[in-house]
Each structure stands twice: as structure tokens, then as C-alpha cells.
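Have a look at the protein below.

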Amino acid sequence: MGAGKILIVDDEVDALDNCRRILSRLGYDCSTEHDPVRAVQRIQQERPGLVLTDLRMPGLDGIGVLVEAKRVDPKINVVLLTAYATVQTAVDSMRYGALDYVLKPYTSKNLEAVAKRAFEQAGSVELPVSGSTSAIARILGRSRAIQEVRDLIKKVARTDANILIYGESGTGKELVARAIHDASERIGRPFIPLDCVAMPDTLLESELFGHEKGAFTGAHAAKAGLFEVANRGTVFLDEVSGMSQTLQSRLLRVLQERHVRRVGGTRYADIDVRVIAASNRDLEEACRKGEFREDLYYRLNVIPILLPPLRERDGDVQVLAQEFLTRFRGRRGAESGAGPAFDSDALACLNAHAWPGNVRELQNVIERVAALADSPTICVEHLPERFRAARPDAADAEETGSYKQAKQEVVRSFERSFLLELLKRHDWHMSHAAQEAGVDRKTIERMVKRHGLREPN
């Protein structure tokens with residue numbers, strides 16, 4: 001099996017070439033194939049160490065390529081590339097032995113990380129040398145708060161204890177969960193994330209625990225749940241407070257007894273799964289209100305990790321903004337001979353913003369700026385209007401300790417006023433408001449609830 005040799009399969013020529021260029025620059029021996037049937041023949045002949053395949057292709061889809069590759073040699077690692085990721089994508093890919101799946105549009109760091117992981121798992125000694133791509137290193141920032149988070153991840157990753165991650169929406173809870181998994185002994189095994197508020201109870205129960213054929217209307221075949229698929233790996237339950245009391249009870253039983261029974265089934269399957277849960281709510285308060293089971297809370301909260309909001313991470317806005325700008329404009333910067341950067345006034349505007357959507361909001365803003373700006377240097381004029389309107393005076397550009405403290409005290413008031421004005425401009429249409437703010441709709445809904453706002457009659 002070819003150490004460092006990658007076969008990329010995609011029916012879209014542009015996507016194929018882009019993926020090849022990224023991985024070739026990293027030192028991998030890459031070949032491409034746009035016909036999935038011919039790709040299977042090449043896998044038989046060339047035995048690559050890694051196959052990167054698009055999910056949706058005519059004739060033979062990515063799952064078909066995955067199955068055939070594993071039939072040729074179970075040691076070949078396969079990663080699916082897809083713009084249509086769903087829970088079922090994760091289940092199917094892991095069920096058939098995929099190493100992972102990567103969302104389109106991907107970045108060079110996404111591809112570098114999965115390639116590095118694939119060849120490390122295979123025991124290759126011909127891995128290209130590049131910058132640090134460890135999962136913990138991808139948690140960027142120089143603030144003391146985020147450094148403490150990285151240090152804690154290093155300590156807890158080697159244990160099998162359940163972990164509960166707290167943090168506002170957009171602070172990077174899934175990134176931290178992946179870092180814990182990748183730094184643990186479970187690396188190379190499935191990591192499966194699930195948003196517990198993104199689907200109704202009946203579907204969530206089936207996704208978690210699986211079902212037998214005929215268990216309910218539409219159950220035309222038996223299906224393994226995420227706990228079975230993720231055996232010996234990690235399940236990440238995002239926004240776990242969104243579970244109903246019934247599902248909380250079933251989850252508690254799984255955590256206590258370490259086995260799972262499918263919906264409509266009678267047989268129990270033993271599982272070895274680490275559970276990492278996350279919430280943007282105070283679960284202790286939810287327990288006091290009777291909205292969350294106290295016994296489940298103690299099972300999940302063996303090791304708590306609190307992610308600080310971006311506004312409390314001194315100096316990290318600049319670090320993250322530059323990283324995102326380089327990521328989104330890196331190719332253009334390399335062609336012009338100079339890397340992209342912000343001028344001091346633009347950085348001052350970014351630092352003055354409260355960032356209610358946290359890192360996700362910052363990333364969204366920088367991606368738009370990078371796409372629309374017509375020069376390597378980003379100035380105030382390139383920023384969205386709401387940043388230009390709040391441009392700080394030069395005297396305020398360097399914050400004193402008292403100013404920082406005062407800013408933290410008024411952030412909540414500012415956030416409420418900003419949210420009210422935003423919703424009024426869009427007649428309380430939350431999707432439109434979220435689009436302008438550069439956050440997802442759920443973030444706006446949670447902020448509305450947190451501030452006790454109601455749409456006027």
C-alpha cells in the first residue's frame with residue numbers, strides 16, 4: 001500500500017484539481033480520477049494509502065467507492081468529500097468503514113488534517129513535514145483564557161471520562177470536542193457529532209439508538225444508531241439540553257450500563273463510546289427548574305470545560321481575524337507576493353465590536369471582507385457598515401484596564417440594543433436578521449430568549 005500516495009475521486013474537474021493542488025503542495029503523491037468506476041480499478045492496481053472521494057457522483061457514489069476500496073484492502077483509508085453532510089451521511093460513512101468525512105467547501109487545513117491522520121494511523125513513516133496541524137493547535141488564540149482551555153484538553157484527552165463543554169453559541173465547542181478525540185487513544189476511530197435541537201424527538205431517538213425494521217412507519221430496514229456506529233470512538237452531543245425527558249432517560253441508561261437497544265428491538269449491544277456533550281445553557285439552573293435530569297447532568301459533567309466568549313479573550317480577535325483572512329485570501333496573497341493583512345484602524349474596529357456570535361460571527365465577517373475587498377490590505381472602508389459606524393477614536397484604540405472592565409459591564413446592554421434594532425429593521429424576521437448579523441438563526445433565537453424580548457403585537 002502506497003505510503004503518502006493519495007487517489008482523489010470527483011466528477012467535477014475544478015474540485016478535483018483544487019484538491020490535488022492543495023495536497024501536492026503539502027508533499028503528498030496525488031493522482032486524480034473523475035470516473036468512479038475507473039477509480040475502483042485504479043485502487044485495485046495502485047493500492048493508495050488514502051482515497052478522497054466525492055459523495056455524490058453518477059454511476060457509482062462515494063459510498064460505493066468506499067465499499068469497493070475496503071473490499072480491495074481493509075487497510076486503505078477512505079475519506080468522503082461532501083457538500084450535503086447529514087447525520088445519515090455520518091452513519092453510512094462510518095458504518096462502511098470511512099475514516100472521516102470533510103465538508104465542502106474545505107480548506108487546506110481540513111485536507112492536511114485528514115491526510116496526516118490517515119497516514120499516522122497506517123503507520124507511514126513517509127509523512128510530509130509541515131506546520132503544526134494537531135487538533136489542539138487548531139484552537140487559535142494567545143489569551144490566557146484560551147491557553148487554559150488548551151492545557152485542560154491535554155490533561156483530559158487521555159482519560160475516558162465524559163466531558164461537558166459550556167459556551168455561548170459560536171465559541172467552538174465542536175472544535176474542542178474534536179481536539180479531545182484526536183488527542184485521545186480513540187484517534188482513528190469514529191467521531192460523530194449530533195445537534196440535539198436540530199431534529200424532532202422520534203428522529204433523534206432513531207439516530208442515537210437505531211431501529212429495527214418495522215419499528216415505526218417508514219422503517220423499511222434495520223439501521224444501526226450512532227452509538228453502535230461510533231463504537232470505540234466518540235459521540236459529541238451538541239446542545240444536549242434540547243433533549244426531551246424521555247430521551248434523557250434513555251441516554252442515562254446507555255451511559256450507566258454501556259449497552260444500547262434499538263427502537264423496536266429486544267437485543268442489547270455492548271458499546272465502548274466516550275460521550276462529550278455541550279450546552280450554551282446553565283444545566284445546573286435547568287436541573288433546578290426540572291428541565292434537565294440531575295442524575296444525567298452528573299453523568300455528563302464529570303469534567304467540565306468552559307469556553308470563554310470572544311469578547312473576554314484579550315488579543316484573540318486580531319489573531320483569529322488574521323488567520324481567517326489568510327485562509328480566505330491566502331492564494332491571492334501568494335500570487336501578489338505579499339500576504340493579506342489589516343491596517344491598524346480596521347483592527348481597532350474589530351476589537352471594539354462585542355461579537356455576540358463569537359468566533360463563528362468573526363469568521364463569517366472576515367470571509368465576506370476577503371471576498372469583496374480589492375486590495376491586500378484590509379482598511380476600515382472594507383468592513384461592514386456597522387463596524388465603520390462604531391469606529392473608535394485614536395485615543396481609545398489602546399484600551400486601559402478600566403476601559404476593558406467598563407466594556408464588559410455594558411456588553412449585555414449593547415447586545416440587547418443591537419438585537420432590538422436589528423430585529424426592527426427586518427420586521428422581526430429572524431432569518432433575515434441572522435443573515436445581516438452573520439450568525440445562524442438559532443443564535444438570534446437564543447439571544448431573543450436570553451434578553452426576554454417579544455415581538456410587538
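In this predicted model, the buried residues of helix α15 are Asn358, Val359, Glu361, Leu362, Val365, Ile366, Val369 and Ala370. Buried means under 20% relative accessible area, exposed over 50%, and partly exposed in between (1.4 Å probe, protein chains only). Helices (H or I, at least four residues) and strands (E, at least two) are DSSP runs, numbered from the N terminus. Seen down the axis of α15, those buried residues fall within an arc of 165 degrees, so they line one face of the helix; the arc is that of the directions from the helix axis to the C-beta atoms. On the other side of α15, Ala371 and Leu372 are exposed.

Now for the core. The largest nonpolar core has 36 residues, and Phe227, Leu237, Val240, Met243 and Phe292 touch the most other members. Helix α10 (residues 245-257) gives the most to this core, with 5 residues. Such a core is a set of buried Ala, Val, Leu, Ile, Met, Phe, Trp, Tyr and Cys residues joined through side-chain atoms within 4.5 Å.

Here's the whole chain in brief.

| Feature of the protein chain | Value |
|---|---|
| Helices | 19 helices |
| Strands | 16 strands |
| Buried residues | 49% of the 457 residues |

Residues are numbered from 1 along each chain as its sequence is written, and side-chain values use heavy atoms, leaving out hydrogens and water. Because the model is predicted, local features need pLDDT of at least 70 and side-chain atom pairs count only at pLDDT 80 or more, while totals for chains, interfaces and linings use all residues.
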